[in-house]
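Hello,

Please find the structure below. My notes on it follow.

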Amino acid sequence: MSGNALWQFGWRDDLAIGDAAIDAQHRAFFVEAEQIRAALVSDQPRARILDYCATFRADLETHFRDEEALMTTLGFPQLRDHRLEHSRLLAQTEETCHELEHATCLIDCLLGTRSLLERLAEHIALQDARIRAFIQAANKE
Ligand SMILES: [Fe+2]
Ligand SMILES: [Fe+2]
């Protein structure tokens, strides 16, 4: 199965929120998401896919922690809701990694993985983008 045309995610400069560390983590997210996608569609060994997932999950947790620390520093007003969404996304990531570990056919996991990556990419584009204005305001002070 080739899902290439169906789900490709990539960094775009307009996704930058203006914090170098967070933007680098977002850029890395797209690289890691692509590794997982490519590994799944090319039927790579499960051990390699699980390695990618473990790295992805750990980096995501670090990223959420760093982003929440930044929002706290900035006095971001929707921190509570944003943090809640991070926990939901992390739970979905864990669930997807678990499915990949235990599925009898990895191809069955493609849809679940795609749905997770789409949700994460949408979070960056719609929710994380709201942090940008607060960084700009802080830079003007
Ligand atoms: Fe983020
Ligand atoms: Fe976020």
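Ala33 counts as buried because it has 23 C-beta neighbours inside 10 Å, where 20 or more are needed. Please keep in mind that this is a predicted model. Ala33 sits in helix α1. Setting aside neighbours within four places in sequence, its contacts are Phe9 and Leu117. Gly10 is 23 residues away from Ala33 in sequence, and the C-alpha to C-alpha distance between Ala33 and Gly10 is 9.0 Å.

Next, the core. The largest nonpolar core has 16 residues, and those touching the most other members are Ile36, Ile49, Tyr52 and Cys53. The largest share comes from α1, with 5 residues. If residues up to four places away in sequence are not counted, Ile36 touches Ile49, Tyr52, Cys53, Phe56 and Thr113.

Then the helix pairs, starting with α2 and α3. Their axes cross at roughly 175° and come within 10 Å of each other. An angle over 145 degrees counts as roughly antiparallel, so α2 is roughly antiparallel to α3. On the α2 side, the contact involves Ile49, Leu50, Cys53, Arg57, Leu60, Glu61, Phe64, Glu68, Met71 and Thr72. On the α3 side, the residues are Leu79, His82, Arg83, His86, Leu90, Thr93, Glu94, Cys97, Leu100 and Glu101. By class, the contact of α2 with α3 divides into 10 nonpolar, 4 polar and 6 charged residues.

The other pair is α3 and α4. Here the packing angle is about 160°, and the axes are 9 Å apart. By the cut-off already given, α3 and α4 are therefore roughly antiparallel to each other. The crossing of α3 past α4 is left-handed. From α3, the contact is made by His82, Glu85, Leu89, Gln92, Thr93, Thr96 and Glu99. From α4, it is made by Gly112, Thr113, Leu116, Arg119, Leu120, His123 and Gln127. The contact of α3 with α4 has 3 nonpolar, 8 polar and 3 charged residues.

Some residues come up more than once. Ile49 and Cys53 are among the core residues that touch the most other members, and both also take part in the contact of α2 with α3. Thr113 touches Ile36 and is one of the α4 residues in the contact with α3.

Regards

Methods: Residues are numbered from 1 along each chain as its sequence is written. Chains are lettered from A and ligands numbered from 1 in the order in which they are written. This is a predicted model: local features need pLDDT of at least 70, side-chain atom pairs count only at pLDDT 80 or more; totals for chains, interfaces and linings use all residues. A nonpolar core is a set of buried Ala, Val, Leu, Ile, Met, Phe, Trp, Tyr and Cys residues joined through C-beta atoms within 7 Å. A residue is buried if 20 or more other C-beta atoms lie within 10 Å of its own, exposed if 12 or fewer, and partly exposed in between; C-beta atoms are placed from the backbone. Helices (H or I, at least four residues) and strands (E, at least two) are DSSP runs, numbered from the N terminus. Two residues are in contact if their C-beta atoms, placed from the backbone, lie within 7 Å. Axes are lines fitted to C-alpha atoms, for helices over the stretch in contact, and angles run from 0 to 180 degrees between N-to-C directions. Angles under 35 degrees count as roughly parallel, over 145 as roughly antiparallel, 65 to 115 as roughly perpendicular and the rest as oblique. A crossing is left-handed if the near helix is turned anticlockwise from the far one by less than a right angle, and right-handed if clockwise. Ala, Val, Leu, Ile, Met, Phe, Trp, Tyr, Cys and Pro count as nonpolar, Asp, Glu, Lys and Arg as charged, and the others, Gly among them, as polar.
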